[in-house]
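Subject: Handover of a structure

Dear colleague,

I am passing the structure below on to you. Please look through it first, and then read the notes that come after it.

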Amino acid sequence: MTAPLVELAGVSRRFVRRRDLAARIAGLVGAGGAEEVVHAVDRVDLAIEPGEVVGLVGESGCGKSTLGRLAVGLLPPSEGERRWRGEPIDRLPAARAREQQLRMQMIFQDPYASLDPRQRVVDIVGEAVVAHGRIAKRQQVEYVGLMLNRVGLDPTLMRRYPHQFSGGQRARIGIARALAVQPEFLVCDESVAALDVSIQAQVLNLFIDLRSALALTYLFISHDLSVVRHLSDRVVVMYLGRVVESGTADALFAGPAHPYTGALIAEAGRVEARKRAYRPVVGEIPSPLAPPPGCHFHPRCPRAMPRCREAAPPLVDIAPGRRVACWLHEAPFAPPA
Amino acid sequence: MSATAAMRDEPLLVVDGLCTHFPTRAGVVKAVDGVSFSLRRGEILGLVGESGSGKSITGYSILGLVDPPGRVVAGSIRYDGVELTTLPGEAMRRLRGNRISMVVQDPMATLNPVLRIDRQMTETILAHDDVGEALALERARDALLRVGIASPDERLRAYPHQFSGGMRQRVAIAIALINRPDLVIADEPTTALDVTIQGQILHEVQTLARETGTALVWITHDLTVVAGLADRVCVMYAGRIVEQGTTAQVLESPAHPYTRGLLDSVPARNARGARLRQIPGMPPAPLGLPDGCAFRERCPRADEACVADPPMRGTPGDPDRGARCHHPLDDAP
Ligand SMILES: Nc1ncnc2c1ncn2[C@@H]1O[C@H](COP(=O)(O)OP(=O)(O)OP(=O)(O)O)[C@@H](O)[C@H]1O
Ligand SMILES: Nc1ncnc2c1ncn2[C@@H]1O[C@H](COP(=O)(O)OP(=O)(O)O)[C@@H](O)[C@H]1O
Ligand code: SF4
Ligand code: SF4
Ligand SMILES: [Mg+2]
Ligand SMILES: [Mg+2]
């Protein structure tokens, strides 16, 4: 078997942050002083095969963007190992690390904040390829023109600044910038969330077209289950820093194994005009600063048992290609050693 | 028909030919340009459309909260028989927060960050109903319970920043509902929230409309929210309502090509993994609207007739169902 394109093994990322002033004044501080630790990503294993589209879903703050940044190397892990085609990439010599960096690109959550407002499109898109010596400076205009064409933008607009474009066009500029360095792996972080419905479909189609034209591999982050279901071969569900379920999109949507996945799917919107009786998941999304012990989902889980409060369920294989972390599933399927 | 039944059938809100314009240096932005709809007690109306289509300004116009130099330049807004467009400021203020209230997308815009929740809630109650501190606090507590906030006594003593975004939005909704208004205008209140929290809020809102007869205008760009929540839907495009009807009529047999295009581009209505059917082009800039039908440049059915402004065509016997189009789709079952 060939190695996965991208692999994260036991990767964690912790952030230490200073408590904000308001929290201290309001007397929220118990023990622990002025600093607090967030386990944004907690011992995650993730393997993405070449050509695969993996969808990553979960509620706000559960660690999706952090995992995406770890996967493309924009953020070093606190623990764990990252591999590219089976080879560890965290301690590469500087020159090879730079090469590796170009293979993996991220398209950011906020198309407004991620483009430098003082740079023209020709530089936003062309700067990195020129700086890495992939193309000569004098070829930049021609090259950027090609990239803009590819994402459906008029190349004659390349002298303009980001604020002179609409939201959908800015999303395309962000995509052109990522594609310019000819990556093999793209992390798309909520890349259509800020867009209007009619423009969302246009940008999703662009991702679909590029995937087949350029043989790209995607990690597609979204809180919108219908988008993830449409695009992904496989889906990974996160809750408070941990992976709680993964499987093929078909299997996971047809029969969610984790109660949280089930709740997400039940609450996801549909366009069938049926008055719904909303039956919400009870409780709040807990704070990542003080996650509940045991299974993080237990305070909201309709099926919680005493043991769920005591020990965190491990992520186990329950069927080929299907993993879940929940005490309701006790690994009936042993993967071949 | 008895007198009370007749009263119940009388619409609570009738918006007719509403135009709200903003004079700017570059020209007049016709944010709302001839909007008409009506709403009965206990009814939930979904107002959908893309950003810039005029949804919020429609809401602000009803509440008399349009920022100058913008103003209502034509049309009428009748609320329970009272004309709101000419109502003096003081009377309008009394109506707001007492009988009509608003929920906006960002709850911090309505919550005061330095006031405890109990103060904010009781002040709202006492401003409109002098029932005394104790009873007001009791009502505040009930209101928090109704929007699904556990341990309300503890929450009442907290400040807004101690709440998560979803909880803050529920507090804002609780405050909007606390004087049992007849009409609530909600402007994308759940857009920024996670699905599980959104589900909680929609649940409470639905219960409220059913139990207290509060009517709602629910503004959103999310068709899936409208599908599950609304009784009737108005679709806006470039400052106008281009289609209206019951939720089933609009979502299951759309008459306007724009509505049809929006529905067709929803991922769940396309084969998994396939290219989505998309509406070409972009919404028109507010100062660059084409003559005639504003959807003309993106419409697959457009022809010479569409250079003339299409009127809203009602359905015989069903005045609340109609589309503003020269060539409506008629795939009604
Ligand atoms: N630089 C940082 N410093 C401190 N905390 C951080 C930092 N980046 C992320 N976090 C915290 O880590 C957790 C996970 O954040 P992350 O941005 O990965 O969430 P997300 O799943 O992408 O959420 P959303 O859906 O809102 O984008 C959050 O609690 C967040 O506040
Ligand atoms: N203060 C203002 N000055 C000028 N134009 C405005 C102002 N407020 C809103 N508009 C314009 O009015 C139109 C409708 O706006 P709005 O009702 O906020 O749209 P929506 O809520 O549907 O996104 C837009 O074209 C917007 O740019
Ligand atoms: S481990 Fe227990 S609490 Fe967690 S999801 Fe499974 S049943 Fe629910
Ligand atoms: S009036 Fe013409 S251009 Fe406008 S929606 Fe109807 S067919 Fe299309
Ligand atoms: Mg994120
Ligand atoms: Mg708005």
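The notes below take up one chain, then the contact between two chains, and then the surroundings of two ligands. Please bear in mind that this is a predicted model.

Chain B

Chain B is built from eleven helices and twelve strands. Its radius of gyration is 21 Å, close to the 20 Å that the globule rule gives for 333 residues, so chain B is as compact as a globular protein of that length. Along the principal axes, the C-alpha atoms of chain B occupy a box of roughly 65 × 55 × 50 Å.

The contact between chain B and chain A

Chain B contributes 50 residues to the contact, and chain A contributes 44 residues. Together the two chains bury about 4000 Å², and 55% of this area lies on carbon and sulfur atoms. Within chain B, the residues that lose the most area to chain A are Asp194(B), Thr196(B) and Arg272(B), which together account for 17% of what that side buries.

Two salt bridges are found across the interface of chain B and chain A. A salt bridge also joins the side chains of Asp209(A) and Arg275(B), with 2.8 Å from N to O.

On the side of chain B that touches chain A, the elements giving two or more residues are helix 7 (165-177), helix 8 (195-212), helix 9 (223-229) and helix 10 (247-252) of chain B. Helix 8 of chain B gives the most to this side, with eight residues. By class, the side of chain B that touches chain A comprises 22 nonpolar, 18 polar and ten charged residues.

With kind regards

How values were computed:
Residues numbered from 1 in each chain as written. Chains lettered and ligands numbered in written order. Predicted model: local features only at pLDDT ≥ 70, side-chain atom pairs only at ≥ 80, totals over all residues. Heavy atoms only, no water. Contact = heavy atoms within 4.5 Å. Buried area = accessible area lost by both parts, 1.4 Å probe. Salt bridge = Lys/Arg side-chain N within 4 Å of Asp/Glu carboxyl O. Helix = DSSP H or I, 4+ residues; strand = E, 2+ residues; numbered from the N terminus. Nonpolar A, V, L, I, M, F, W, Y, C, P; charged D, E, K, R; others polar. Rg over C-alpha atoms; globule rule 2.2 N^0.38 Å.
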